[in-house]
Amino acid sequence: MITIKDKTFVPFIPADAIQDRIQELAKQINQEYADKQPLIVVVLNGAFLFAADLVKHLTIPCEITFIRVASYQATESSGQVKEILGLSESLEGRDLIVVEDIVDTGLTLRQVCAQLREKAPASLSIATLLFKPTALKEALDLRYVGFEIENRFVLGYGLDYDGLGRNTQDVFVLSEE
Ligand code: XMP
Ligand code: MG
């Protein structure tokens, strides 16, 4: 159990299950990108541990880069618009694998992927550790999914509550009590 500020979190996905699943995902990527040299695009901050563990099991040649997604309010009522920060390399003709910690509504990745596609990559696929299918608002093609989970707030292994709790080996879930 972990307590952060006013919230209590209980164990949800143990470290060994996470590591086993990551090895399976890496194996799938190694097979599907056997003749390619992908550019791994890690979405900070949440995906930093997942990405680090995933790439250790990749045997294909790959490059790794890191982006941040900054939110700002649009001037109209279109909600939050996300701007990509930190991308310096050319994406033209590259095979991108975007690595995320969690897909909830999918709105973040939708906007991020739309912006990445404008830079003319040869292909783009998504790897996410966690996916909340019942929260998804817009269709998103998720090629590599670690775990489908229910629509509850999770923390740990990169995911935070108010900036805290990223540095655990297990994933925890907000206690319902
Ligand atoms: P959307 O809704 O755009 O959200 O798919 C993606 C981003 O929202 C954050 N998020 C969470 N963070 N526990 C967290 O610590 C959660 O359960 C959770 N759900 C969404 C996360 O930053 C993700 O990139
Ligand atoms: Mg995130």
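Predicted model: local features only at pLDDT ≥ 70, side-chain atom pairs only at ≥ 80, totals over all residues.
Residues are numbered from 1 along each chain as its sequence is written, while chains are lettered from A and ligands numbered from 1 in the order in which they are written.

Now show the whole shell. Which of its 15 residues come nearest to ligand 1? Pick Asp 104, Thr 105, Leu 107, Thr 108 and Leu 159; near means a C-beta atom, placed from the backbone, within 6 Å. The elements giving two or more residues to this shell are S6 (95-103), helix H3 (107-117) and strand S9 (154-155).

Next, zoom out to the protein chain. You'll find three helices and ten strands. With a radius of gyration of 16 Å, close to the 16 Å from the globule rule for 177 residues, the protein chain is as compact as a globular protein of that length (the radius is taken over C-alpha atoms; the rule is 2.2 Å times the number of residues to the power 0.38).

Last stop: colour by pLDDT, the predictor's confidence in each residue, from 0 to 100. The protein chain averages 93, and 94% of the residues score at least 70. Then select residues 74-78, where the pLDDT is below 50. For the complex, the predictor gives an ipTM of 0.94 and a pTM of 0.94.

Technical notes
Helix = DSSP H or I, 4+ residues; strand = E, 2+ residues; numbered from the N terminus. Contact = placed C-beta atoms within 7 Å.
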